[in-house]
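Open the model in your viewer and keep the selection panel at hand.

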Amino acid sequence: MSSIHNAEFNSSSLHEVTLRFRLLRQHGFWISADELNKFKNEDGSFLSDIANDPKGLLSLYHAANLLTHNEEPLDEALLFARHHLEVIRCNLKSPLAEQVKRALKIPLPRNIKREEAIYYILEYAQDETYNATIQELAKLEFNRLQRVYLKELKAISLWWKDLSEYVNLGYARDRVVECYFWSYCCLYEEEYARSRIVLAKLLKLTTLLDDTFDEYATLEECRVLSKALERWDERDVSLLPEYLKKFFLRVIENFRDFDDLLEPHEKYRSAYIRSVYKNICKSYLQEAEWSHSGYIPSFHDQVNVSVMSAGGQLVAIGILFGLGDIATNEVFEWAIKKSCTVTACGEVSRFMDDLADFKRGRNKMDVASSVECYMKENNVTSEVALAKVDSLVDHAWKTLNQELFERRDILSIVNQITNFGRSVMFLYHDKRDGYTNSEQVKDALESHYIKPVPM
Ligand SMILES: CC(C)=CCC/C(C)=C/COP(=O)(O)OP(=O)(O)O
């Protein structure tokens, strides 16, 4: 580590030092926040001329977003950079102005990679390191991949058409493209097609379950469905109400199809993917028990259950299911046993969703959200509770940043699971719910899948 320190941090450019700081941390190398001391006065405040270095400030902001727990100097750096970027943002030239705008909306390390790529591929032409060949290759690759995604989208749309017509659950959200987008945010590279498709289908099947619990089923029907899924036996179909029979059978059939995608030595994975579907169902049932009886749980109990229902574990196993041999049995165990990465992604998902829901209003049978439970338990206003839940999103991101060092041995997997957190930031930023209100992501879907980057 000291060799990295000596060789890489001698520059006096804030941009260079903080870019290196960020890249090393993102690749799992611990770099101390002390590396920023040369840009500070003796009292720990930043040198005043930094406020006039927009590129440096932006890189500092990106880098400080990789902070972990108990790193006050980076907390301060983040506030300092954010404040000054907000002050100068109106006076910046293109493309820095657009880059700052994007970063203030969703900090770069918390956003999905392909979204930044759409803009940066073109902006790169104005970078001092510009190389026309690299840009051309990036454009070709971006546009070529769009065709791959369109083929996959066609296949999954046909799958959904067939499934939705058969199960005929009129109350359920019709969101297959959005499920595919969610999955693609976690794994966009061509070689992850198997994981991408399985995860997209898993999310769609989970949405059907969630909508059944939140929109339609009686409490007794929720209990029966949960029990039948727990036993996972087609013969139990007779116990279910008429309208859920076909859904239940199709769930089992789809998981059998997932199993068919596995190589003989991977067959153990089927038990994991079934488990996470059953687990999320159990958390939906607990929420239904609370909401049908009008019970408002303690904040602690609510978060315990609702972080589970927010899908971190489900998505993590959905990602691992289709990966190659890097996803060992040990990694599956790590992912299913409330590892820090998986739990923190669940927290980002739950808290971002609840912040959006509070603004939008809940579904008719939704459980009281973390915001409402916090308000009741602490007798505080919605502003105080929203600020608390917002701070818990930042807390979860610190854990995710820490995990880059803790599990550097499986960094690519940690990153793919963390991409779930990033996808949630993208879909739910500014208290919107881009999954349920999909018109909010229509333009994004077009630029990711339909509009090529101009050559
Ligand atoms: C990441 C996962 C699990 C995706 C599956 C689709 C889904 C249930 C999205 C959240 O919907 P919602 O906002 O209605 O969720 P909830 O009812 O849990 O608040």
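What percentage of the 455 residues of the protein chain count as buried? In this predicted model, the share that counts as buried is 38%.

If you orient the C-alpha trace along its principal axes, the spans are about 75 × 55 × 40 Å. The radius of gyration is 23 Å, which agrees with the value near 23 Å that a compact globule of 455 residues would have. Among contacts with a separation of 6 or more, 70% are between residues 24 or more positions apart.

Next, select Ile317, Ile319, Leu320, Val348 and Met352, which have the most contacts inside the largest nonpolar core, a set of 88 residues. Centre the view on Ile317 and, leaving aside residues up to four places away in sequence, you will find that Ile317 touches Tyr272, Ile273, Val276, Phe332, Ala335 and Ile336. Another core, of 22 residues, lies apart from it and includes Ala63, Leu85, Val100 and Leu108.

Finally, turn to the ligand and display the 13 residues around it, of which Leu203, Thr206, Thr207, Asp210 and Gly311 come nearest. The elements that give two or more residues to this shell are α9 (193–216), α14 (312–321) and α16 (340–360), and α9 gives the most, with 5 residues. Colouring the shell by class will show 4 nonpolar, 5 polar and 4 charged residues.

Conventions: Residues numbered from 1 in each chain as written. Predicted model: local features only at pLDDT ≥ 70, side-chain atom pairs only at ≥ 80, totals over all residues. Near = placed C-beta within 6 Å. Helix = DSSP H or I, 4+ residues; strand = E, 2+ residues; numbered from the N terminus. Nonpolar A, V, L, I, M, F, W, Y, C, P; charged D, E, K, R; others polar. Rg over C-alpha atoms; globule rule 2.2 N^0.38 Å. Buried ≥ 20, exposed ≤ 12 C-beta atoms within 10 Å, placed from the backbone. Contact = placed C-beta atoms within 7 Å. Core = buried A, V, L, I, M, F, W, Y, C linked by C-beta atoms within 7 Å.
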